Amino acid sequence: MFEAVLDNAALASSIYLNIALAGATILLIGFLIRNVTDTRARLIAMATLMISVVSISSYMGLASGLTIDMLTMPEGHPLGGEEVMSLWGRYLTWTFSTPFILLALGMLAGSSADKIFSAIVFDVFMCLTGLAAALTTESYLMRWLWFALSTAFFIGVLYYLLVQWPEDAKRQGTSDIFNKLKVLTVVMWIGYPVIWALGNEGLALLDVGTTSWGYSALDIVAKYIFTVILVLYVAKEPKEVTTSPTAPATV
Ligand code: RET
């Protein structure tokens, strides 16, 4: 699979560019937070750093061919009976990267531990059931049922992002920055199931290179641009970040 990636220019560039961007983001965060001493500010910044640590590992998995396989699609799939290249490592590693995005956002909002934990639980199962959708090769219907279950968990995540955390952010005084990152996150995250549905593993309207670029483009905004906006704010150690939150449990 290593060679197959290199032979496809669109696919290779969608992977190698992200390795470079994740590496650059890690170095940039390290530089920006070198003088930050507050525990909450550092924890939020370190959570964002972990997003790129997972990302560089994820894209290394894809570049090396370790987490890519040719899967025979079931009857009913537009490419039924044919082998389709699945970059399943993406779905696996989202399980590790997306919780850090939510941890950073939940802490920025000054939310409570129970709400941050619940959002992350929904998120982890959204990713794992997405992985199951991609790896199911015996039934076309079951692929879409996994997709539907994953979407249900995604709605759980959106509930915290759109309903609970904006209230907490208001109380914490971080509404401006939180709402900016909330919109960025919600809009980008909705793009992932859309790419899955249109991509080579779903309705197969997009080829493998275009599908991979779809995810890579979303990743650039949802991870690196998100990180830079958040770390530039947190590195100033504003009192809204350094003050311990008082948000109530889920209501
Ligand atoms: C899948 C397919 C099944 C339905 C849904 C999905 C949602 C995926 C999302 C992924 C976000 C990934 C990010 C990665 C950054 O490292 C699994 C595509 C709802 C929202 C932000």
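Lysine 170 and glutamate 167 sit three residues apart in helix 6, so about one helical turn separates them. Their side chains form a salt bridge, with the closest N and O atoms 3.4 Å apart (a salt bridge here is a side-chain nitrogen of Lys or Arg within 4 Å of a carboxyl oxygen of Asp or Glu). Keep in mind that this is a predicted model, where local features need pLDDT of at least 70 and side-chain atom pairs count only at pLDDT 80 or more, while totals for chains, interfaces and linings use all residues. Residues are numbered from 1 along each chain as its sequence is written, and side-chain values use heavy atoms, leaving out hydrogens and water.

**Salt bridges**
- A search of the whole structure turns up six salt bridges.
- Lysine 170 counts as exposed at 55% relative accessibility, and glutamate 167 as partly exposed at 44% (buried means under 20% relative accessible area, exposed over 50%, partly exposed in between, with a 1.4 Å probe and protein chains only).
- Arginine 171 and aspartate 168 also meet in a salt bridge, 3.3 Å from N to O, and they too are three residues apart in helix 6, about one helical turn.
- In that pair, arginine 171 is partly exposed at 45%, whereas aspartate 168 is buried at 2%.
- As background, an α-helix has 3.6 residues a turn, so residues three or four places apart point the same way.
- Aspartate 219 pairs with arginine 90, their closest N and O atoms being 3.7 Å apart.
- That pair links distant parts of the chain, since aspartate 219 is in helix 8 and arginine 90 in helix 4, 129 residues apart.
- Both aspartate 219 and arginine 90 are buried, and a network of salt bridges links Arg90, Asp219 and Lys223.

**Helix 4**
- Helix 4 covers residues 89–108, and its 20 residues should span 28 Å at 1.5 Å a residue; the end C-alpha atoms are 29 Å apart, which agrees.
- For that check, the expected span is 1.5 Å times one less than the number of residues, and helices are DSSP runs (H or I, at least four residues) numbered from the N terminus.
- There's a bend of about 40° at threonine 95, with proline 99 following within four residues (the bend is the angle between axes fitted to the seven residues ending there and the seven starting there).
- Helix 4 is mostly covered, with 16 of its 20 residues buried.

**Nonpolar core**
- The largest nonpolar core has 56 residues, and Trp165 and Trp189 touch the most other members (a core is a set of buried Ala, Val, Leu, Ile, Met, Phe, Trp, Tyr and Cys residues joined through side-chain atoms within 4.5 Å).
- Among the elements giving two or more residues to this core are helix 3 (39–63), helix 5 (113–135) and helix 6 (140–172).
- Helix 7 supplies the largest share, 11 residues.

- Most residues other than glycine have a negative phi.
- Alanine 204 has a positive phi of about 60° although it is not a glycine; its place is the loop between helix 7 (175–198) and helix 8 (208–234).
- Glutamate 237, also not a glycine, has a positive phi of about 50°, and lies in the loop between helix 8 and helix 9 (239–242).
- Alanine 204 is partly exposed at 24%, and glutamate 237 counts as partly exposed at 24%.
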